[in-house]
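Subject: Structure handover and notes

Hello,

Here is the structure I said I would pass on. My notes come after it.

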Amino acid sequence: AYGQEDLSSLVEGAKKEGSLILYMSLQVTDIQKLVGAFKRHYPFAKVEFVPLLGERLLARIITEANAGRYSADIYRLDILRIHELLKRKLLAPYFPPEAARFPKELRDAEGRWTAHALNVDVLGWNTRLLPKELIPKRFEDLLRPELTGKMAIESTSWDWFTAVRELMGGEERGLGFMKELASQKFTLRRGHTLLSQLVAAGEHPLAVNLHVNGIENLRIRGAPVDWTMTDPALVKIQTIGVSAKAPHPNLARLFVNFALSREGQRILGDVGRNPADPEIV
């Protein structure tokens with residue numbers, strides 16, 4: 001079904017709709033770049049957006065749905081939270097032509113979502129504060145006594161907790177490891193971007209679950225930071241899909257298709273994110 005959509009018919013319907021409302025877990029400046037490029041193709045579109053972190057955005061969507069309010073045309077959330085929308089049948093089936101080249105693992109078989117970007121979790125540290133011999137190479141290295149009180153963690157990353165627990169042996173052994181890890185006296189911080197900035201500022205020698213794009217952007221700009229991927233790598237899919245009760249369904253489909261296009265995916269790369277399109281480096 002991918003690639004069969006007639007975009008010209010969508011454009012005619014979109015012109016009548018005129019407006020578009022995006023609910024996106026993405027930074028404001030990144031959304032603005034996507035919207036600006038989209039409007040160059042569809043200048044008749046009036047676009048509004050609501051940018052919120054994952055759990056806050058999910059809570060808003062569910063609260064509105066429970067009240068029978070459906071304001072959004074598009075939802076952009078990570079794949080774990082998108083399942084909450086799937087359970088409530090809040091996503092419409094749509095097979096964007098641009099998604100045809102994406103691997104099947106990055107698109108829903110029923111067309112309800114497609115991967116928009118990939119978040120890669122990494123270990124990041126301040127190169128002035130953490131000696132080379134203490135740089136962790138495995139999750140077990142985080143238990144070193146020398147790292148006690150020197151580490152920070154993003155406080156809402158329950159998905160990271162679950163993934164590491166499974167990697168370290170599952171329910172019993174993995175939970176035992178996580179309890180040992182908790183005794184290392186972590187500092188909790190809310191927000192991956194903030195945590196990267198605090199590591200760069202010397203507030204924390206080491207952070208265990210940074211997003212690679214945030215810490216790498218700081219490194220490129222000269223901050224005293226570095227990072228390494230875990231083995232295996234922890235990757236979370238950021239998805240995009242059309243609301244099942246979108247007030248402006250034609251414009252919504254046009255935007256999703258654009259966000260997945262090579263142009264839309266390159267914009268993500270230009271702002272330092274990891275595009276889901278395997279052809280965009």
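This is a predicted model: local features need pLDDT of at least 70, side-chain atom pairs count only at pLDDT 80 or more; totals for chains, interfaces and linings use all residues.

Residues are numbered from 1 along each chain as its sequence is written, and side-chain values use heavy atoms, with hydrogens and water left out.

Sheet

Helices (H or I, at least four residues) and strands (E, at least two) are DSSP runs, numbered from the N terminus. Eight strands make up an open sheet, with mixed pairing and the order β2-β1-β3-β8-β4-β7-β5-β6. Two strands pair if DSSP finds at least two bridges between them. At the edges are β2 (46-51) and β6 (187-189), each of which pairs on one side only. From one strand to the next the twist averages 20 degrees.

Strand β8 (residues 225-242) pairs in the antiparallel sense with β3 (residues 74-78) over five bridges. In that pairing, V242 of β8 is the bridge partner of I74. β8 also pairs with β4 in the antiparallel sense, over twelve bridges. N119 has K236 of β8 standing opposite.

Helices

Contact here means heavy atoms within 4.5 Å. Axes are lines fitted to C-alpha atoms, for helices over the stretch in contact, and angles run from 0 to 180 degrees between N-to-C directions. Helix α2 (residues 28-41) lies across β1 (19-24), β2 and β4 (114-126), and runs at about 160 degrees to β2. Helix α9 (residues 249-260) lies across β1, β3, β4 and β8, and runs at about 155 degrees to β8.

Two packed helices are described by the angle between their axes and the distance between the axes. For α9 and α10 (residues 262-270) the angle is about 60 degrees and the axes are 4 Å apart. The two helices are therefore oblique to each other; angles under 35 degrees count as roughly parallel, over 145 as roughly antiparallel, 65 to 115 as roughly perpendicular and the rest as oblique. On the α9 side the contact is made by F258, A259 and L260, and on the α10 side by R262, E263, G264, Q265 and I267. By class, this contact has four nonpolar, two polar and two charged residues. For these classes, Ala, Val, Leu, Ile, Met, Phe, Trp, Tyr, Cys and Pro count as nonpolar, Asp, Glu, Lys and Arg as charged, and the others, Gly among them, as polar.

Cavity and pockets

On a 1 Å grid over the protein atoms alone, a cavity is a set of points where a 1.4 Å probe fits but cannot get out, and a pocket is an open set with protein on both sides within 12 Å along at least five of seven lines; lining residues have an atom within 4 Å of a point. Grid points are joined across faces, edges and corners, and a volume is the space filled by probe spheres set on the points.

A search of the whole structure gives one cavity of 30 Å³ or more. The largest cavity has a volume of about 40 Å³. Its lining includes Y94, W113, I240, V242 and V256. β8 supplies the largest share of that lining, three residues.

The largest pocket holds about 890 Å³ of space. It is lined by 38 residues, and Q27, H192, T193, H211 and R273 are the closest to its centre. α7 gives the most to this lining, with five residues. By class, the lining of the largest pocket has eight nonpolar, 18 polar and twelve charged residues.

The second largest pocket holds about 210 Å³. Of its 13 lining residues, I153, W160, F161, M178 and A182 lie nearest its centre. The largest share of the lining, five residues, comes from α6. Its lining divides into nine nonpolar, two polar and two charged residues.

Backbone

Most residues other than glycine have a negative phi, and most peptide bonds are trans. K89 is not a glycine but has a positive phi of about 55 degrees. K89 sits in the loop between α4 (79-87) and β4. The peptide bond from D231 to P232 is cis, with omega near 5 degrees, and P232 lies in strand β8.

Regards
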